[in-house]
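This report goes through selected features of one protein model.

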Amino acid sequence: MASTGRREFIAGGLGALGAGVAACALPSAAAPLPRPTGGLPFRGPTAGLPAGFQSTLTTLLERFGVPGLGLGIVHRGGSVACGFGHASLPFEVPVDERTLFHVGSVGKHLTAIALLQQVDRGKVALADPLGKFVPDIPDEWARRSVGSCLHHTSGLPEYETDAFDSTQPHTRAEVIAAAAAGSPAFAEGEAWSYTNMNYILAGYVIEAASGEAFADYLVRHVLAPAGLQDARLDAAQELVPRRAEPYLKVGDGYRHAPRMSSDYSAYADGPVLMSARDAVRWDAGLMGGPLLSKAGWAELLAPRGLASGLAVPYGCGWFTGRMRGAPFHAHGGGVPGFTTQYLRLPAAGVAVLVMTNVRLQSARVQRHLGYVVAEAFAPGSTSLSQPLPPDDRPDLTRRTRELLLRGDSPLDRAALAPNMLRVVDGPGGPRALPNIAAFGEPRAFDLVEQWRLGAALMRRYRITHEHIADLITVGHDADGRVYWLFPD
């Protein structure tokens with residue numbers, strides 16, 4: 001059985017919504033379970049909610065086919081932890097503020113915090129070679145730095161190949177061997193490529209430096225000191241109280257998602273179950289709390305420089321950048337049956353963690369929901385509502401549009417910087433770049449913002465389809481070639 005894990009969520013983040021879902025259905029003669037009738041229940045405070053908030057969210061969840069939603073919101077007026085829909089469809093159990101969702105790769109920044117704690121304590125330096133802490137990896141890997149794993153600039157191959165089965169247990173040696181079957185895509189620092197194996201290795205470094213099992217360390221030194229009441233590492237095959245049931249969308253109904261193995265569900269590349277009430281507590285302590293030093297928090301969000309001199313807007317478990325002239329941080333996550341998006345806009349005083357118990361083929365739904373919620377609590381804070389500036393480089397807009405709407409057409413290699421060519425010529429191929437042609441011709445394709453990141457010109461586009469908008473940031477080098485392309 002091929003994996004339907006974290007790799008597909010990132011690489012297919014802008015794939016066709018629902019494409020191929022029927023092929024993921026469990027082998028069963030039973031029809032997919034329909035949504036319960038009677039609308040989506042809501043559990044949470046009603047006082048102080050923006051006007052029409054419940055109605056807007058309910059309409060979107062029904063439109064996009066989301067069975068259950070946990071929502072943690074921090075805003076200038078306080079915080080909201082609430083739930084929409086169902087944690088269990090057959091038993092019609094509603095989601096509430098304590099329902100647990102697997103947050104997938106959103107949990108990478110927790111792993112990064114755990115490793116940066118070892119840096120704070122002098123046990124690890126980000127420039128240290130991996131082989132200093134992880135002796136059982138190929139020599140070519142061992143020379144690459146610990147920091148390159150946190151920033152996804154290592155070039156190391158993915159362990160979640162088509163042959164990797166997330167429903168079965170795997171030993172450490174088997175996980176390493178699964179990745180080692182491939183070759184590094186590029187030399188360290190030559191390019192950026194999101195690879196889950198990077199954070200598996202980060203977990204091994206934490207274990208070697210701390211002398212504790214990764215799961216024990218994360219609970220004792222990250223989750224517990226943050227005062228989280230519900231959060232824990234997942235154990236997918238165990239009976240975990242209050243955990244939402246994971247689903248796949250199949251036509252107009254749902255099937256239970258394939259059950260992950262317990263070890264896979266707790267791997268260091270995305271291991272955490274979190275509730276809405278813990279989400280607001282967690283966010284309140286981020287970026288300045290006692291878990292890290294001031295230098296550690298700065299490292300978590302610092303863009304990473306490439307060998308070319310260009311910087312990529314990815315810190316350690318966080319995509320970073322500018323939105324409406326101010327910093328923003330975001331990250332998505334997905335494992336079988338769960339999809340998540342975490343958005344932080346510090347200057348606007350709003351943060352949103354969107355957690356759903358369905359695996360859609362496109363992460364654009366969760367991203368859109370996050371921005372809609374942020375706009376509800378901080379109107380005018382996101383690029384969804386941003387006025388359009390004059391486009392002083394229509395040539396770059398035209399080239400970007402052709403790239404994103406290329407469909408089956410070959411890539412315009414002349415439009416890509418050398419680092420991007422290394423990525424698309426690697427194992428991921430052209431699929432490593434977003435391709436939104438499957439959504440049809442957009443109603444609008446607009447530049448909404450641009451800013452400088454060192455020598456690079458970063459430009460964000462808002463691509464509007466019916467009921468949903470994609471925000472995608474494109475980075476151009478001094479020659480106008482694309483060196484960064486990723487949805488926000």
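## Nonpolar cores

The largest nonpolar core has 87 residues, and Tyr159, Leu201 and Trp282 touch the most other members. A nonpolar core here is a set of buried Ala, Val, Leu, Ile, Met, Phe, Trp, Tyr and Cys residues joined through side-chain atoms within 4.5 Å. Buried means under 20% relative accessible area, exposed over 50%, and partly exposed in between, with a 1.4 Å probe and protein chains only. Helix α7 (residues 197–210) gives the most to this core, nine residues. Helices (H or I, at least four residues) and strands (E, at least two) are DSSP runs, numbered from the N terminus.

Leaving out residues up to four places away in sequence, Trp282 touches His109, Leu110, Ile113, Val222, Ala226, Leu228, Met274, Leu291 and Tyr342; contact means heavy atoms within 4.5 Å. Another core, of 38 residues, lies apart from the largest one and has Leu49, Ile73, Leu345 and Val373 among its members. In soluble globular proteins, nonpolar side chains tend to be buried together.

## Basis of the values

The model is predicted: local features need pLDDT of at least 70 and side-chain atom pairs count only at pLDDT 80 or more, while totals for chains, interfaces and linings use all residues. Residues are numbered from 1 along each chain as its sequence is written, and side-chain values use heavy atoms, with hydrogens and water left out.

## Helices α2 and α12

The axes of helix α2 (residues 53–64) and helix α12 (residues 364–377) come within 11 Å and cross at roughly 170 degrees. Axes are lines fitted to C-alpha atoms, for helices over the stretch in contact, and angles run from 0 to 180 degrees between N-to-C directions. The crossing angle makes α2 roughly antiparallel to α12, a class that takes angles over 145 degrees.

On the α2 side, Phe53, Thr56, Leu57, Leu60, Leu61 and Phe64 make the contact. The α12 side contributes Val365, His368, Leu369, Val372, Val373, Ala376 and Phe377. By class, the contact residues are 11 nonpolar, two polar and no charged. In this classification Ala, Val, Leu, Ile, Met, Phe, Trp, Tyr, Cys and Pro count as nonpolar, Asp, Glu, Lys and Arg as charged, and the others, Gly among them, as polar.

## Positive phi values

Most residues other than glycine have a negative phi. Glu92 has a positive phi, near 50 degrees. Glu92 is in the loop between β4 (78–88) and β5 (93–94) and is partly exposed, at 47% relative accessible area.

His467 also has a positive phi, of about 75 degrees. The loop between β19 (456–465) and β20 (468–476) holds His467, which is partly exposed at 39% relative accessibility.

Asp477 is in the loop between β20 and β21 (482–487) and is buried, with a relative accessible area of 10%. A polar atom of the Asp477 side chain lies 2.8 Å from the backbone nitrogen of Arg481. Not counting residues up to four places away in sequence, Asp477 touches Leu310, Ala417 and Tyr483.

Asp96, in the loop between β5 and β6 (101–102), counts as buried at 18% relative accessibility. The side chains of Asp96 and Arg242 make a polar contact at 2.7 Å. Such a contact is a pair of N or O atoms within 3.5 Å; within protein, one must be able to donate a hydrogen and the other to accept it, and residues adjacent in sequence count only if both atoms are side-chain atoms. Asp408, in the loop between α13 (394–404) and α14 (418–424), is exposed, with a relative accessible area of 85%.

Terms used:
Angles under 35 degrees count as roughly parallel, over 145 as roughly antiparallel, 65 to 115 as roughly perpendicular and the rest as oblique.
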